[in-house]
Structures are given as C-alpha cells and as structure tokens.
Amino acid sequence: MSDSEKYNDPLEELFRKKAEEYHLPYREEDWLKLEKKLELQDTRRFYRNTIRWVAAAAVFIIALLSYFTLDNHQRLNELNRQLSEEIRPPGILPQITPDGSQEESDRDTAPIDDQITTVLEPPITPPTSSTDAEEIHQHHPSATPLLASEGDKKRIHSGLHVAKQTALPHTLYQPTEVVVDQQFAQVSHTETYDHAETKPSRFSLSMHLAPEFSSISGPVSGLTEPGYRAGITISYHVTEQLSISTGIIQNISRYTGSQQTYQFNNSIINADEMSGTCRILDIPLRFVYDFTNSGFFASAGISSYIMLNEAYKFDYTEYNQIYTYEWEDRTGSRHWMSNATISAGYELPVHTNWDLRLEPFISVPLREVGRANVRLYSVGSYVSLRYRL
Amino acid sequence: MLDEIIKGCRQRQRKSQKELYEMFYGYGMSITLRYSSNREAGVTILNDAFMKIFDNIRQYNPNRPFRPWIRRIIINTAIDHYHKNEKLRAISGLNNEADIMSEQETILSGISYQEIVAMLNKLTPAYRTVFNLYVIEGFTHEEIAGMLNISVGTSKSNLAKARRNLRTILEKNLK
C-alpha cells in the first residue's frame with residue numbers, strides 16, 4: 001500500500017479515529033510516582049548549584065587574594081629596593097677638566113664602567129695635609145683619606161665634587177656605599193619577580209576556561225544558550241615576544257538555525273527550525289605575540305575539530321501539525337583546519353612563574369563541520385592560568 | 001489558563017507541574033499504551049516523558065500549539081523505551097505473544113479504544129511501533145527508519161506484517 005493510500009484504509013482510519021478520541025481517567029498514584037522523581041531531580045540540582053556557587057566563590061576569593069598578594073609583593077619589592085640603594089635623579093653630570101673648568105658630559109654615551117658612581121656621605125673635603133687627614137678620619141672612621149694632588153686641590157677649591165672615581169689619578173676617599181646607576185635600577189614589567197635570577201624555560205603550560213556563544217547564521221546573529229570551553233595548552237617561546245601554542249580544548253557549542261543554514265543527512269528533513277548541541281574537541285595551533293612590558297598580547301591561529309557528540313532537534317510542520325524530530329550520535333567526524341581564531345588580551349602576573357590571563361576571542365569558520373554541515377561561529381572570553389616551566 | 005500553567009512550570013512550581021500532568025494525563029496515556037505491553041509500562045513511559053517536558057519547557061515556543069509539542073516528546077520517549085528494552089526482549093523472549101495476550105485480558109475491559117489497544121499490544125514491539133508511527137503518528141518510512149535505526153525496507157516489511165496480524169486478530173475477535 002502506498003503512502004497516499006494509507007488514509008483510505010478503513011482499518012487504519014478506525015485506529016486513527018479511536019486513538020484521537022480516547023482519554024484514560026487520571027490516577028493520583030501515577031502522579032505520586034512522578035513527584036518522587038521530580039523531588040530527587042530538584043535535590044540533585046540544588047547540590048549541583050551549591051557546588052557551582054562554592055566553586056565560583058573560591059575562584060573569586062583566590063583572585064582577590066592573588067591581587068592583594070601581588071600588590072603587597074610589589075610594595076615590598078619597592079621598599080626593599082629603596083632600602084638597599086639610593087637612586088640619583090637623572091641628569092647631566094658636570095665633568096672636571098684639567099684646567100678646572102666645568103664640562104658637561106653625556107652620561108648615557110659614556111662607557112658603562114665610567115657610569116658607576118659613588119655616593120658620598122656628607123661631602124668630605126679631601127685633606128691637603130696630614131693634620132687634616134687625621135681630623136677627617138676622626139669624624140669619618142670609614143673613610144680613608146689620602147693626600148690630594150695639586151690638580152685635585154684645584155678641583156676641590158673650585159667647589160666641585162668629583163663624581164667619577166675612575167677619572168682621578170688618586171682615590172681621595174673611601175666611599176661608604178657603591179650603588180648601581182639608576183639606569184640599571186629601572187624595573188621592567190617582567191623583572192619584578194626575579195626572572196633574571198634564573199634562566200627561564202621557553203615552555204609554559206596554560207589551563208583555559210571560557211563561556212561561549214555559537215551561531216551558524218553569522219558571527220553574532222542568532223545567539224542562544226551559552227556553551228563553554230575548557231582545556232589545556234602548551235606554549236613554546238620562539239622569541240621573547242612570539243610564542244606558538246597548541247593543546248586540547250573541549251567545547252560545548254549550542255546554536256539554532258533555519259533550513260538555509262544546514263544540510264543534514266541528504267536533506268531528509270527540511271525543518272522550520274533546527275537546534276544543535278555539539279560536544280567538540282578543539283585542537284588549536286596559535287601564534288601569540290606579547291607586547292613588551294605592557295601585559296597586553298594578541299593571537300591568531302587555526303583550529304581543527306573532532307565532533308565527539310552531535311544532537312539535533314528539527315521542528316517542522318506537516319499536514320498542519322507541528323512535529324519535532326530528534327537525532328543524536330557520537331559521530332567522531334574530523335574536520336582539519338576548520339576554523340580560524342583571533343584574540344587579544346591582558347596578562348596579570350599573580351606569583352612567581354604564574355600569570356592570570358583574560359582573553360576575548362572570536363572564531364570564524366573556514367569550512368563546514370558536523371553531520372548537519374554547519375559553518376560554526378563562536379565568540380567568548382578565556383580566563384586562563386599560565387605557568388612558566 | 002494553559003499559559004499560566006506553562007509559566008508556572010517554567011518556574012518549576014510543583015502545583016503547576018501537577019496541573020499540567022492532570023490536564024494531559026489521558027491524552028498522554030492514550031499514546032503510551034499503544035507503545036507498551038501493559039498499563040504500568042505505559043505509566044513509566046508517560047512519567048519519563050513528563051520529566052523531559054518539564055526539563056525542556058523553557059524551550060517551548062508559546063506561539064506554537066502545545067499539544068503537538070508534548071505529543072512529539074511522548075513519542076520520542078516511547079521510542080527510547082523501545083530501544084532500551086530491545087536487547088532484553090531478545091534475550092528473555094518477551095516477544096511471546098501469548099504472554100502479552102493473557103496480561104491484557106486481565107487489565108483491559110469495556111470500550112472499543114481499549115480493544116484496539118489490546119489488539120495492538122498483541123503485536124510484537126517492532127510491528128507495533130512501526131504501525132503506531134506510520135498509521136497513527138503519520139511519519140514516513142524514511143523517518144521511521146532513522147528513528148528506529150532500521151532500513152526503509154524493514155520498516156515497510158514490519159508495517160505489512162502488522163497490518164496482516166491485526167486483520168487476523170480482528171477477524172478472530174469478531175467470530
């Protein structure tokens with residue numbers, strides 16, 4: 001019997017008519033069975049939500065503690081540096097010429113050795129006689145005054161203090177402290193945590209978590225329920241600024257679309273609306289560029305998708321009735337270099353070798369993926385914890 | 001009134017959930033009884049279907065009719081149960097029609113719809129499911145093949161056998 005004849009068969013017509021007419025009377029005991037299942041489900045949901053809130057609170061507290069730890073650490077570093085050295089303000093240092101006149105010198109172009117300066121205690125006028133030397137030694141026990149030469153006497157009497165120790169033929173006094181020039185005292189973004197003490201590895205490991213919104217109609221159109229991404233990556237620093245990274249990230253992508261945006265199973269079903277939930281394994285390959293000393297970075301890369309699980313719902317109308325057809329399978333299909341991703345973000349050091357990163361991203365399709373052959377767009381923001389090995 | 005009940009169900013209010021269950025209990029059971037071998041199995045399918053209805057009530061589009069929406073969920077749940085019990089039937093021989101017949105005679109009585117359900121329950125689960133999906137729900141053989149993971153040929157064959165068996169049962173009842 002053909003499909004067109006099925007509505008003419010009297011037996012089947014009888015079945016259809018009776019099926020539509022009959023309603024079984026309600027039984028309370030059946031509701032009680034359902035109510036027990038609902039209460040069990042509510043209890044599980046309550047515990048799940050509680051765990052999520054506790055986890056979120058823990059992350060917030062850890063982030064807050066990390067911020068205060070970082071702030072304190074920076075202040076301690078600053079205090080330590082101030083305690084252990086005095087920083088001379090930058091400027092042009094007067095030189096003493098052989099004829100006693102002043103000559104300005106450019107410290108920045110002078111050889112490094114010459115830029116090592118000495119800090120004086122209250123300026124000591126070098127002795128010109130042994131009596132003066134003894135007097136000076138009484139007041140400044142740490143100083144070892146030597147008798148000045150004739151040239152030095154002229155310089156002293158002109159009121160100028162010698163700054164360059166190495167310029168003098170004789171050492172006039174023994175300095176109490178030697179400090180490093182301010183040029184070397186300058187602290188960069190990356191030097192705060194003693195990275196110069198040990199040679200850092202070129203590798204780093206990151207853990208990523210991100211909410212995401214997916215669409216098959218365009219980058220930001222038709223966004224519905226959020227999905228999420230979670231995974232780990234490993235990075236290799238080719239240079240100080242440029243690194244390459246790869247890893248494994250699991251995505252849960254949720255999207256909806258009209259029949260123009262998909263092609264499923266040779267188009268057996270042309271639905272009014274399709275909604276999909278896919279669990280995807282993302283294998284990224286990214287280049288990351290760090291903007292020196294600013295904390296900002298940008299990245300671009302390619303992702304390959306392995307479809308772990310695909311679930312689709314199709315809503316369609318037939319014979320003035322609305323039907324929903326559901327399909328789900330662990331397809332395992334592979335789509336190499338299916339999406340391109342770009343991102344930019346900010347990195348905050350939270351501890352030695354640990355950094356916290358915030359990284360908004362957008363992923364655009366290069367080819368279709370999945371059993372529904374969709375072009376999958378995603379937007380979201382990674383929160384990542386990076387550890388330098 | 002239905003809008004208010006659906007709104008309450010979206011907020012997981014137990015009172016609204018019970019009202020919805022009472023409202024569509026008879027309609028739902030008239031579907032699940034056709035896919036199950038006895039009333040208890042039908043109640044199990046119906047309750048599982050309502051769990052899915054309450055979980056997905058937020059995805060229901062209020063601009064569309066509600067009855068077809070829950071009908072689809074109930075049918076899908078019935079098919080899920082069919083798949084779950086497939087292996088069990090194959091191992092334990094629950095396809096024995098005689099067992100099903102004797103069980104139905106103790107439960108069902110009276111009106112003609114129940115006789116129809118009784119006749120359907122005398123079919124094997126495979127024949128019964130294909131018959132329900134094709135004749136009463138209106139799916140095509142291609143769609144049925146996709147839902148039940150069988151070939152289109154198997155779907156057509158099962159339908160033909162279901163029709164033949166039903167005619168035999170009907171003739172026997174009329175004698």
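Colleague: Which residues form one aromatic cluster here?
Modeller: In this predicted model, the cluster is made up of A:Tyr26, A:Trp31, B:Tyr21, B:Tyr25, B:Phe50 and B:Phe54.

Colleague: And how many aromatic pairs turn up over all chains?
Modeller: Searching the whole structure gives 17 of them. One pair is A:Trp31 with B:Tyr21, with the ring centres 5.5 Å apart.

Colleague: What's the angle between the planes of those two?
Modeller: For A:Trp31 and B:Tyr21 the angle is 50°, and the pair counts as tilted.

Colleague: Why does that pair join two chains?
Modeller: Because A:Trp31 belongs to helix H2 of chain A (residues 28-84), while B:Tyr21 belongs to helix H2 of chain B (residues 14-35).

Colleague: Are A:Trp31 and B:Tyr21 buried or exposed?
Modeller: Buried, both of them.

Colleague: Switching topic: what sits over the ring of A:Phe297?
Modeller: That's the charged end of A:Arg357, 4.0 Å from the ring centre. Chain B has an arginine over a ring too: B:Arg67 lies over the face of B:Tyr27, 4.3 Å from the centre of the ring.

Colleague: Which ones are the buried residues of H8(B)?
Modeller: They're B:His141, B:Glu143, B:Ile144, B:Ala145, B:Met147 and B:Leu148.

Definitions and conventions: Residues numbered from 1 in each chain as written. Chains lettered and ligands numbered in written order. Predicted model: local features only at pLDDT ≥ 70, side-chain atom pairs only at ≥ 80, totals over all residues. Heavy atoms only, no water. Phe/Tyr/Trp six-rings, centres within 6.5 Å; stacked < 30°, edge-to-face > 60°. Helix = DSSP H or I, 4+ residues; strand = E, 2+ residues; numbered from the N terminus. Buried < 20%, exposed > 50% of the residue type's maximum accessible area, 1.4 Å probe, protein only. Lys NZ or Arg CZ within 6 Å of the ring centre and 35° of its normal.
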